[in-house]
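I opened this model to look up two things.

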Amino acid sequence: MSSTRFLTGITTSGTPHLGNYVGSIRPSVRHSLNPGVESFYFLADYHALIKIDDPARIQRSTLEIAASWLAAGLDPERVIFYRQSDVPEIPELTWFLTCVIGKGVLNRAHAYKAAVDKNTAAGLDPDSDVSAGLFMYPVLMGADILMFNAHKVPVGRDQIQHIEMARDMAHSFNYRYGEHFVPPEAEIEESVATLPGLDGRKMSKSYDNTIPLFATREQLKKLIAGIVTDSSAPGEPKTVEGSALFQIYQAFASSEETEALRKAYADGIAWGDAKQLVFERIDREIGPMREAYEALMKDPAKIEAILLAGAVKARQLATPFMGRLRQAVGLRDLRAQVTDAKAKTAKAAKPVFKQYRESDGKFYFKLVDADGQLLLQSTGFDSPKDAGQTIRLLQTQGGAALAGLADRLQAAEGIQADDIGAALQLFADAD
Ligand code: TRP
């Protein structure tokens, strides 16, 4: 497998807005045009069930998001473009991952924690109105990514934790069953700012401050006219800092155009004129796509056919891979000879202890897995002998030694004691 695999999904829970376009649809379409990448684009409709219990809305959103991606230039011949629920291997993999991820890791997921904090603040039961689906959200997302062994997942900052959890699941599974998964990486597009909405907060369905991507020209103009500004009069200089209008413009304009507006702000452009400029600039980019979008929305059969063809391509990868994973975990044909593949694969992935001295004069070590991923970090020891003894303790006693050494050792971010125990077990197996 030589090319880099990119994967991105959009939850089918609403109508795409300019924030989705700038933050996800546009960069993903641009990305798909690069040579040497293999990309996966999907409609996360299983994820939508977590938030939405209105079937018509899910169907409509799926159609709208698919049409938006296609109208924005996604070429289903070049990429694998599919609907999550057309790939039954994904929920199956979700279960496998459910069984290797710690519940405690999921307790710390931002979305779940936010719901719990809100309930607690309101004096309610912490889990009041929290579905198990919300709790499991990161596992389903991990399955989306690991199903295709995507290397890079372009996401916003709010999703980084989910990618870390997917890495965690990949490591945990690999420790138990051998090297099946590539730990994915989040790709943060620094140039892609989060777009502010009409009220200046992040553009988001939940704030009800969005501008639909394919609003008509008239609606677009009206909505842009409604973006909050301060009360400075025409002729008064205006500041670009904190101006939602300026930030939205910047997301569409070239750097020269942006500089020109910056100057116009300083020169006291009237808000009405600035809004007209922003409207025309956005419509210049969106206008041609709007026609393609409207034509696609009138032809749902075409979109359905494109998605089903995409699912065939996706399953050409997912079905055989899932077969290997079933084999690995022991869901097997009973006629096959019982083998203990676990011990064999595990040996290949033996981690190493690395000892070193820091500028503070103290002696340290760390435990690094076969992929170079940091698992465990020690604090400073006064002598190399002390460090060495601690290493031997870990090698001989394995995970059982961890509790007694808690003040000397720290697990790497996203690594659980279980993973470290499994890694240490490999030293015992090897002897
Ligand atoms: N959680 C993402 C969102 O709401 C959607 C999503 C689901 C996703 N599965 C994914 C994104 C896998 C990237 C990779 O925006």
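**Entry 1: helices α1 and α12.** I began with this pair and found α1 and α12 roughly perpendicular to each other. A note before going on: this is a predicted model. I read an angle of about 75 degrees between helix α1 (residues 18–32) and helix α12 (residues 271–297). Angles of 65 to 115 degrees count as roughly perpendicular, so α1 and α12 get that label. Their axes are 13 Å apart.

Next I looked up who touches whom. From α1 I noted Leu18, Tyr21 and Arg26. On the α12 side they meet Ile282, Glu285, Ile286 and Met289.

**Entry 2: helices α3 and α13.** I then turned to helix α3 (residues 55–71) and helix α13 (residues 300–329). Their axes cross at roughly 80 degrees and come within 11 Å.

α3 brings Leu63, Ala66, Ala67 and Leu70 to the contact. These meet Pro300, Ile303, Ile306 and Leu307 of α13. I sorted the residues of this contact by class: eight nonpolar, no polar and no charged.

**Entry 3: the shell around the ligand.** Which residues surround the ligand? I listed Leu7, Gly9, Thr11, Phe42, Ala44, His47, Tyr137, Met141, Asp144, Ile145, Val153 and Gln159. By class, the shell holds seven nonpolar residues, four polar and one charged.

I also asked which elements supply the shell. β1 (4–11), β2 (37–44) and α7 (132–147) each give at least two residues. The largest share, four residues, comes from α7.

**Entry 4: polar atoms at the ligand.** I checked side chains against the ligand's nitrogen and oxygen atoms. The side chain of threonine 11 has an N or O atom 3.0 Å from an oxygen atom of the ligand. For aspartate 144, a side-chain N or O atom is 2.7 Å from a nitrogen atom of the ligand. Glutamine 159 places a polar side-chain atom 3.1 Å from a ligand nitrogen.

How much of the ligand's accessible area does the protein cover? I noted 86% of the 370 Å² that the ligand has on its own.

Notes
Residues are numbered from 1 along each chain as its sequence is written. This is a predicted model: local features need pLDDT of at least 70, side-chain atom pairs count only at pLDDT 80 or more; totals for chains, interfaces and linings use all residues. Side-chain values use heavy atoms; hydrogens and water are left out. A residue is near a molecule or strand if one of its heavy atoms lies within 4 Å of it. A polar contact is a pair of N or O atoms within 3.5 Å; within protein, one must be able to donate a hydrogen and the other to accept it, and residues adjacent in sequence count only if both atoms are side-chain atoms. Accessible areas come from the Shrake-Rupley method with a 1.4 Å probe; for residues, only the protein chains shown count as cover. Ala, Val, Leu, Ile, Met, Phe, Trp, Tyr, Cys and Pro count as nonpolar, Asp, Glu, Lys and Arg as charged, and the others, Gly among them, as polar. Axes are lines fitted to C-alpha atoms, for helices over the stretch in contact, and angles run from 0 to 180 degrees between N-to-C directions. Angles under 35 degrees count as roughly parallel, over 145 as roughly antiparallel, 65 to 115 as roughly perpendicular and the rest as oblique. Contact means heavy atoms within 4.5 Å.
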